[in-house]
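Subject: Structure for you to look at

Hello,

Please find the structure we spoke about below. My notes on what was found follow it.

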Number of protein chains: 2
Amino acid sequence: METVKYLLSEREMPEFWYNIVADLPVPLPTVLHPGTKQPVGPADLAPLFPMALILQEVSTERTIEIPDEVRSIYRQWRPTPLYRARRLEQALDTPAKIYYKYEGVSPAGSHKPNTAVAQAYYNKQEGVKRLVTETGAGQWGSSLAFAGALFDLEVLVYMVKVSFNHKPYRRALMETYGARVVASPSEETASGRAILAEHPDSTGSLGIAISEAVEVAVQRDDTRYALGSVLNHVLLHQTVIGQEAMVQLEQAGDYPDIIVGCTGGGSNFAGIAFPFIGAKMRGERDVRVVAVEPAACPSMTRGKYAYDYGDTAGMTPLVKMHTLGHTFVPSGFHAGGLRYHGMAPLVSHLLELGQIEATNVQQLETFAAGIQFARAEGILPAPEANHAVAAAINEALRCKEEGVSKTILFNLCGHGHFDMTAYTDYMAGTLKDFEYSSEEVAMALAGLPSVG
Amino acid sequence: METVKYLLSEREMPEFWYNIVADLPVPLPTVLHPGTKQPVGPADLAPLFPMALILQEVSTERTIEIPDEVRSIYRQWRPTPLYRARRLEQALDTPAKIYYKYEGVSPAGSHKPNTAVAQAYYNKQEGVKRLVTETGAGQWGSSLAFAGALFDLEVLVYMVKVSFNHKPYRRALMETYGARVVASPSEETASGRAILAEHPDSTGSLGIAISEAVEVAVQRDDTRYALGSVLNHVLLHQTVIGQEAMVQLEQAGDYPDIIVGCTGGGSNFAGIAFPFIGAKMRGERDVRVVAVEPAACPSMTRGKYAYDYGDTAGMTPLVKMHTLGHTFVPSGFHAGGLRYHGMAPLVSHLLELGQIEATNVQQLETFAAGIQFARAEGILPAPEANHAVAAAINEALRCKEEGVSKTILFNLCGHGHFDMTAYTDYMAGTLKDFEYSSEEVAMALAGLPSVG
């Protein structure tokens, strides 16, 4: 069975990030200050981010130029390959055509360096010496550690304690790049100490780790905060993925009928899908877009579209998004990168506008899909990416049932080399599916802040 | 600092493997039967390998065509990138130019699939249903498991027990691809049971695992043995690396003054170096070639050039090679892929002919080099590859001392994603250097078989 790979020359790598805000038929809801609950301005965000990123966060320009130095670093692994999954199609005996964009070729093994490098660059430009962030699965932390090493920036990572303990390989990778990694909740911050006082055995959450990182970031003038998903500028940086895929599919003489991406905070989904959704909103070409989230952290499929904090302690601005409530701590399923209580405001907005669909899948189904994919295509996906694999397989099987040949595109956002424990647990039969009761979801949502 | 990457189009991927035997000024010593100690013929090897591979093993043709189906699978990750290590050069402040070929982009993460895919293909062609092999670090085992999944072949891997216990992630990768992995020495074979009877706590060695795999392979007619290094046909399959590098350097307008490769059994070294050594032996272009081995397993720098078995039990043919003796069990240093008592006969022969040099490095130096490389270039090398990194850095620093700008090429044969424990141990200060006394080496060599 022939390998079908679409590469681009370096000259064909995008020169601009695509800003979907320019094509929205309805503008995004305003971001509110966590204290005053009034709209925030750029100055309010200055303690957290460099001004260049704040301006990107609020930009309405359709394209934003990628700085030469960032493009030069992208070139180490970009353009990333687009594959036709011929061996998987054969295994599924489907008439569908399945394409996947593979972002695991980056040094840190996922799509996250697309934004980590850009963020490190702009911080360096504005004289920042130290970046503070949080990480769950570790994909983001290791990407920022990688980018920090390239730009000679100190990197401090608050890592959700359960991952800190169960993913020593990820931690070692960050430390190899020179970052300092602290288990969260920690004794190093007031928010960490407050959690530990109440729950000494807390294994942490992304929301708590964000509180710690934000708290530390605002304390020192040479330090800024960096976020790996959710925000507009982060999603913006990921659009190189979809832009490249569009050119590669053109080479293949194809265009997707269905695009699938997994969603935690929304950045890899945005990366693959936004350029195509933009074309749809501009009336150029239709496409069905499916966001896949875990059944055990169903912000879009079971949460509420409401103003909420990005962190547990309520230190971040309030954004309107699909959320399970900022105090929600997802159960311990294995796709750590998808365990976030909220969803990117842009992705949430597109769901409200009917431009995308959302679905959720159970954990066991995702691992079965990942193993089938690995045996057919040779690449071992990250547990997060397995959600996209599972949904793409479901779409391909539906094509088989219906006897139609559709073109499916999904983003294989990272490899699972640092997540083998999850595969071992799955193969040993110790993993379980998980579903919250309606009461549990309602209870989590009861903690939403009242706004306006 | 600009990324400098040299890619090739798929059309520029080699169509032939390069067989260095055709250019040897002195032929290789004969291979001997382990029982009769008389020269072996192709028929003697038939219980172990398919005839196509046996014919490659003894071929004197300069080029051997790569089957279309193998090339098609290669295309998933080949041609691999060649990088100029600009950021490392800057960190070292050296006038040298450092290039590295990166083989970690393969699905299994190393150069090993170059031969695993070819071997699986030829076995499948000849009706084989099951492949048996051994693995130390797990790079080879996971590559054969990957190739087996593609060709629907059953794969059984005897994994050196110390790695089986300390590298659960590697084992999980092989199992994800569908292979069965057994800790060696095992109770499943006579050779395993013999070792366990004498040493119940044996943590195994590559030599023991080879004995087990060979024993199982010859028992069933639908089963063959597969080896990941040492043999001529295995080294042959790796020559795509050096052939690609030659074209990529031509694009760069450069030619190496020095080539560096790390050596365990010799296959990645052969892959990068043989095409260049061939050009040297044909009088076309000179180059200095350095093989780097661990100080804790110094077959070329401290062993003897003599006939020896490939395995501990003495079941394999006798080959003339640099060896520490087939009963030698290397100390537990971290580069499991370099812990073999012997060296490929072809590499040994070239060392005897003065076509290459051999050197060794201590473990701590290799990890320091690997971390420096990761922080500069972003890619985290496997512990095996760190030996090449360390030697390349040493050459670059010598250039700095001497004030000369030489061109250094090395093979970064794999990534270290499954070897993070080694990095953690290094950073925690628990790793040690190791050197055998002359008495210990002499004692190991006393076990060499007497031949002719």
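**The annotated domain**

Helices (H or I, at least four residues) and strands (E, at least two) are DSSP runs, numbered from the N terminus. UniProt gives these residues, 76–414 of chain A, the feature "domain: Tryptophan synthase beta chain-like PALP" in an unreviewed entry. UniProt positions are in the numbering used here, feature names are shortened, and annotations may be inferred rather than shown by experiment.

This is a predicted model: local features need pLDDT of at least 70 and side-chain atom pairs count only at pLDDT 80 or more, while totals for chains, interfaces and linings use all residues. Residues are numbered from 1 along each chain as its sequence is written, chains are lettered from A and ligands numbered from 1 in the order in which they are written, and side-chain values use heavy atoms, with hydrogens and water left out.

**Two residues**

The unreviewed UniProt entry annotates A:Lys112 as "modified residue: N6-(pyridoxal phosphate)lysine". A:Lys112 sits in the loop between strand 5 (97–102) and helix 5 (113–125) of chain A. Is A:Lys112 buried or exposed? A:Lys112 is buried, because its relative accessibility is 13% (buried is under 20% relative accessible area, exposed over 50%, partly exposed in between; 1.4 Å probe, protein chains only). Beyond residues up to four places away in sequence, A:Lys112 has contacts that include A:Gln139, A:Trp140 and A:Ser267 (contact means heavy atoms within 4.5 Å).

A:Asn268 belongs to helix 13 (residues 267–281) of chain A. A:Asn268 is also buried, at 5% relative accessible area. A polar atom of the A:Asn268 side chain lies 3.0 Å from the backbone oxygen of A:Cys262. Neighbours within four places in sequence aside, A:Asn268 is in contact with A:His111, A:Cys262, A:Asn411 and A:Cys413.

**Chain A against chain B**

About 3700 Å² is buried between chain A and chain B, 53% of it on carbon and sulfur atoms. Buried area is the accessible area (1.4 Å probe) that two parts lose on being put together, summed over both. A:Gln76, A:Tyr169 and A:Thr176 supply 20% of the area that chain A buries against chain B, more than any other three residues. Each chain, A and B, brings 44 residues to the contact.

Regards

Technical notes: A polar contact is a pair of N or O atoms within 3.5 Å; within protein, one must be able to donate a hydrogen and the other to accept it, and residues adjacent in sequence count only if both atoms are side-chain atoms.
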